[in-house]
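Here is a short briefing for a first look at this protein.

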Amino acid sequence: MSAKAISEQTGKEFLYKYICTSAAVQNRFRYASVTAETDWDRLTQEHPWLLTERLVVKPDQLIKRRGKLGLVGINLDLQGVREWLNGRFMKETTVGKAKGVLKNFLIEPFVPHVQEEEFYVCVYATREGDHVLFHHEGGVEVGDVDAKAQRLMVAVDDKLSEDQVKEQLLTHVPDEKKEILASFIVGLFNLYEDLYFTYLEINPLVVTQDGVYILDMAAKIDATADYICKAKWGDVEFPPPFGREAYPEEAYIADLDAKSGASLKLTLLNPRGRIWTMVAGGGASVVYSDTICDLGGVDELANYGEYSGAPSEQQTYDYAKTILSLMTREKHPLGKVLIIGGSIANFTNVAATFKGIVRAIKDYQGPLKEHEVTIFVRRGGPNYQEGLRVMGEVGKTTGIPIHVFGTETHMTAIVGMALGHRPIPNQPPMDAHTANFLLNASSSAKTPATTRTASFSEPRTSNDVTPAKKSKAGLPPAKATTLFRKQTKAIVWGMQTRAVQGMLDFDYVCSRDEPSVAAMVYPFTGDHKQKFYWGHKEILLPVYKNMADAMKKHPEVDVLISFASLRSAFDSTVEAMQYSQIHTIAIIAEGIPEAQTRKLIKMADEKGVTIIGPATVGGIKPGCFKIGNTGGMLDNILASKLYRPGSVAYVSRSGGMSNELNNIISRTTDGVYEGVAIGGDRYPGSTFMDHVLRYQDTEGIKMIVVLGEIGGTEEYKICQGIREGRITKPVVCWCIGTCATMFASEVQFGHAGACANQASETAVAKNQALRDAGAYVPKSFDELGNVIKTVYDELVANGTIIPAEEVPPPTVPMDYSWARELGLIRKPASFMTSICDERGQELIYAGMPITEVFKEEMGLGGVLGLLWFQRRLPRYACQFIEMCLMVTADHGPAVSGAHNTIVCARAGKDLISSLTSGLLTIGDRFGGALDAAAKQFSKAFDSGMLPMEFVNKMKKDGKLIMGIGHRVKSINNPDMRVQILKDFVKQHFPSTQLLDYALDVEKITTSKKPNLILNVDGLIGVAFVDLLRTCGGFTRDEADEFVEIGALNGIFVLGRSMGFIGHYLDQKRLKQGLYRHPWDDISYVLPEHMSM
C-alpha cells in the first residue's frame, strides 16, 4: 500500500517541524500522548502546561467525526481530563460497523474562540493534480464540504500562489484574515508536497488575533516515499484502522516484506475464524476473499494476505509457519480449512515456493491434525506440476487431508469445495506436464503460417499497423492505437536475462523474423554483448551502459521495457521520454511514489507516450510481442494459445490475474488478441479507458474483457463510453474487491490502489453501474468464464467471429537449467563438495547451519573441525586447534616465509601477492614438518619399533627425524610454545601414546645434542595423530587418511598466514621502501676454474 494513514500526533509533528509560513502557528508541539503505560507524574514533568492550562482530550486512533460521537473532552483541567478518561479508557466502543478499544489519547491546550474563527481546509491528491478545499465555516457541523467548499486544483508540477488562494478560496473570508490564511494555506500545500502527503485535512483551523491554531487534523502519507523522506519522517508508525488490533504477527510479516524484494502481506480479521487463506498474488488474494464472502464465509474469514514476486523458499516458509501458528491456537467445533490458492504465476517458480509451505506443514503436522485442518490447493505457473505433486505427497505422508488442483480447475472452485458448496472431485484431470509442451514429440516441425499472426477470426490485412492519430495543431501528439506489432523492437532497461530469453522464445513460437529485443541498457557495466538463444541457435544482443548510445544505434526501437528499481525508475523513464522514437514504456517496478508517477503521466501525455505500469507485469499481444515475463513460461504460452491472436482483448490491474484471464479466455473463446495489466498503483500510467478505446478502434478485436478493482473511479468512464455509444463492442466486466463492504474495518488489499475512499469507489457500486450501463457483468468471479463464453458464442452464432483452424507452433528447445529443474535430465557434476552448502537461505557447514555454529559457540576450532574434518569435534579438540593456530601465527621476520613476504610488500606488491610469496616457502625445510613428523613417528610406533631402534634406523638411512631439532631452543632453553601445548594435551587428551613415544625419542636425541628437541612442528604433528585416533570421531583408517592427505600442514599454513599478513601490514604502515640486499652481506665467489 502507498497511501497510509498516520496518527494526528504524527501529522501535527510534521506540520510544526516543517511548515514554512508567515502565519504565526500557535501551540507548536504542545500535545501529550496517553496510553496504558503512561506515568502521569512523569507526563506532567515533561509537559508542565498540563497543570496550568485548560485542556482538550480525544482518542488518536483514526476515528472520524469524534466530536459528533462524543469522544472529545473540552475545556477541562487535568483532573477533569483524568475523570473523562476513566469512563472511556480501555473501553470497547462502536464506531460505525467497527468495534474497538479506546487506548491511545491526545491531550492539547484548549483554544477559546468563536464560531466565526473556525475554518476548514483540506488538500488531497488525484491523477491530474492536488485539490485544495477551503470553507469559511469549519468545525463539527461543517457538513458536506464537497458540496459547500471553495476549491481549486493545482496541476501536477504547478505551484500554488497566495494570489490564487485569495482569489479562488478566500472569497467569503474577512479581509483582515485573508493574508494570514493565504500564507498558511500556501505553506501547508508546500509541506504537503515536500513530505509526500496524499491527504491532509484540518477541521477546524482556528484563526484568532494571536495566530493560527490546528485543532483537529487527519492525514495520509505515501509510504513508498520513505527512501526520499526518511530524514524528515524518521521512523513512522502507521496505526491500524479503528476496530482492528495491531498483531505482532502482522508486524513480523511487514518486517519480512520490508527486507525482501518479494511482497508479503498479512492482515488478521478474525483470529478465531475457521477459514484461513494463503494466496499468491495481490489480485488473486482479493478474488479469493470475495468468493469466501460471497459464499457466506465473511464471519469466519480469519485473515487477508498475499505472497508474490517470487519469494524464496525460506521467506515462504516463514510466511506459512506464521499462518499455521495462528490458525492452530484455538480449536473450532467444525474444524478449519486452509485455502492455498493463486492465479497462474508469470515468473514465480511454484515448486520452489511450495517447498517452503511443505516444510511448514511438516513442522505443524501435529497441531494441524489436532485442529482438524483440511487444506485446499489450486495453483498454476512455472513448474506448478511439481509443486502440486509435492503438496499432494505431503498430504499422504502426514495424514492431513490436502486436495490439490491445477489450471484445469477454475481458480476459485476450491473455495466452494472448502465451504461445502460443491463436491470435491476424486481425481481431478491434470494438465500436461511442462515437458509435454516444450519437448514436442510430434514428427511435424511445421511452423505456423504467416497468416496466423493476423487476427484469429479474420484473414490478414495488408498492413496490421494502426498509425497514431494525427493531433491538431497546438495539442499534444495523440497516442498510438496499436502499441505492438510483428515488427516491434524494444530496449530492455536492466539485466533481466530470464525475462529477455522469455521474450525471444515467445518471438520464436510466434514465427517472428527477428527478436523483439534490440538491445539492453545496464548502467552498472561497460558496453558488451550478452548471449541468448533464438530457437536452437545462440545469438548476441548488445548491452549498453548509456541509454543515449542504445537509442542512437537502434533507431527502429519504439518500446522501452524498464526493469529499473523503484529508486531509479523515475529518472530512467524521464530520460527515455526525451527520445521521440519511444512511443510505449512499460514500468515493472512496484513502490514508485505516487507524486513521481503523476509527473511521468503528465510528461507522457505531453509527448504522446503510452505508459504501462508502474507495478505491472506488462502486457502481451499474441503473435506479435510480449513484455518481459507476461504470460509466464512457454508451457503457459502454448496452453493458453498466446502464440497466435484470437478475438478477445482484455485489460486488468493485476499481472497474475491477467495470466488467469489468458487461461479463462483460451478455454472459453478462440483466444486473446491483446491483453494489458495496467498495474496495481492508484495512478497507473494508462487507464482502463485508454486501452478499452484502443480495443474499440482495433478491427481484429470483437469483444472486450475488463477486470476492474475496488478503488478509483475509472470504471465509470467505461459506463459513460457505453452509454454515449463510443464503446459498441461487447464488454464483459467484473470489479474485484466486493468483500470490502462486508468487513467491519477498512482493509488495504494487495494493490496500492485497492482501497475505496468513498461509496462510489467500492467494487459493488461499480459492478452495478456497469450492469446498468449495458456491460455484461457476472454475479461473481466464479461465473466470469461462463459469461465470457456466452458472449463469445453469440458472436460466433451471428457471424461476427469466424473461428479459424489451429496451426501448431514451432518447437522451442527447453533450456538446460529448466529441464534440470523439472527433473527431465541428469548430468554428471563437474566436481563434488561435502563440506559446505550456500544454496539455501542459510549457509551450512558440514550439515550444520551457521546460526547453530554461533549458537553453540563453536569458535574457530569448531568451524575448522566442520570444514576440514566434517566432524563436530569435542571442546578440547577445538581449543587445541585454536592453540596451534596461535603458537604458529608468527616466529619473527628472519624466517624465510616472513622474509619473502616483507621483500614482496616493500616491492609494492598487494596483500595477496605478498602473502603467496611467503606461503610458497613452506616445505620440508620450513614449516612443512607437521605432516612429515606425524607420518614418521606414526609409522615407527605402529610397526612396534622401539624409540632407540627408530633413531638408529633414521641415522643409518641418512634421514633427518622431522619435528626434532631447533636452531635456537634446546633442552636447557626450552620452547615455551611446546611446553604450553604439551601441558594442555597431557591434561585433556584421552590418550597420548604417540606423544609419549616422541618424548622418548627426544630423550635419546637430546642426550647426543641438547638442541635436538621435539619442536613445535613435531609436537603438533604427533599430538594431532593422538587427537584423530582417540577423540572418538574417526576410525583408524580415517585418522590415517587425514594425515596422509596433508591436513596437518594446513594448521601451519593457516596459522602462519596471520603472521605473514601482519608483516605485510607492518611494512605498509611503516612505509618501507624497496628492499635491496646489502653487498657486504653477499659473498661474491668466482667460478672455480676462473679462480685457479
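Helix H6 covers residues 175–194, 20 residues in all. At 1.5 Å a residue it should span 28 Å, and its end C-alpha atoms are 29 Å apart, so the two agree. The expected span is 1.5 Å times one less than the number of residues. This is a predicted model: local features need pLDDT of at least 70, side-chain atom pairs count only at pLDDT 80 or more, and totals for chains, interfaces and linings use all residues. Residues are numbered from 1 along each chain as its sequence is written, and side-chain values use heavy atoms, without hydrogens and water.

**Helix H6**
- Helices are DSSP runs (H or I, at least four residues), numbered from the N terminus.
- Buried residues (under 20% relative accessible area, 1.4 Å probe, protein chains only) in H6 include Lys 177, Phe 184, Leu 188 and Tyr 192.
- Tyr 196 follows H6 and has a positive phi, near 55°.

**Domains 4 and 5**
- Domain 4 is 828–860 and domain 5 is 873–1070; the bounds come from an automatic or database domain assignment.
- Their C-alpha centres lie 28 Å apart.
- The contact (heavy atoms within 4.5 Å) takes 5 residues from domain 4 and 4 residues from domain 5.
- About 330 Å² is buried between them, 50% of it from carbon and sulfur atoms. Buried area is the accessible area (1.4 Å probe) that two parts lose on being put together, summed over both.
- In domain 4, Glu 857, Met 858 and Leu 860 lose the most area to domain 5, together 87% of what that side buries.

**Confidence**
- The protein chain averages a pLDDT (the predictor's confidence in each residue, from 0 to 100) of 90, and 94% of the residues score at least 70.
- Over residues 432–469 the pLDDT is below 50.

Definitions and conventions
Helix = DSSP H or I, 4+ residues; strand = E, 2+ residues; numbered from the N terminus. Buried < 20%, exposed > 50% of the residue type's maximum accessible area, 1.4 Å probe, protein only.
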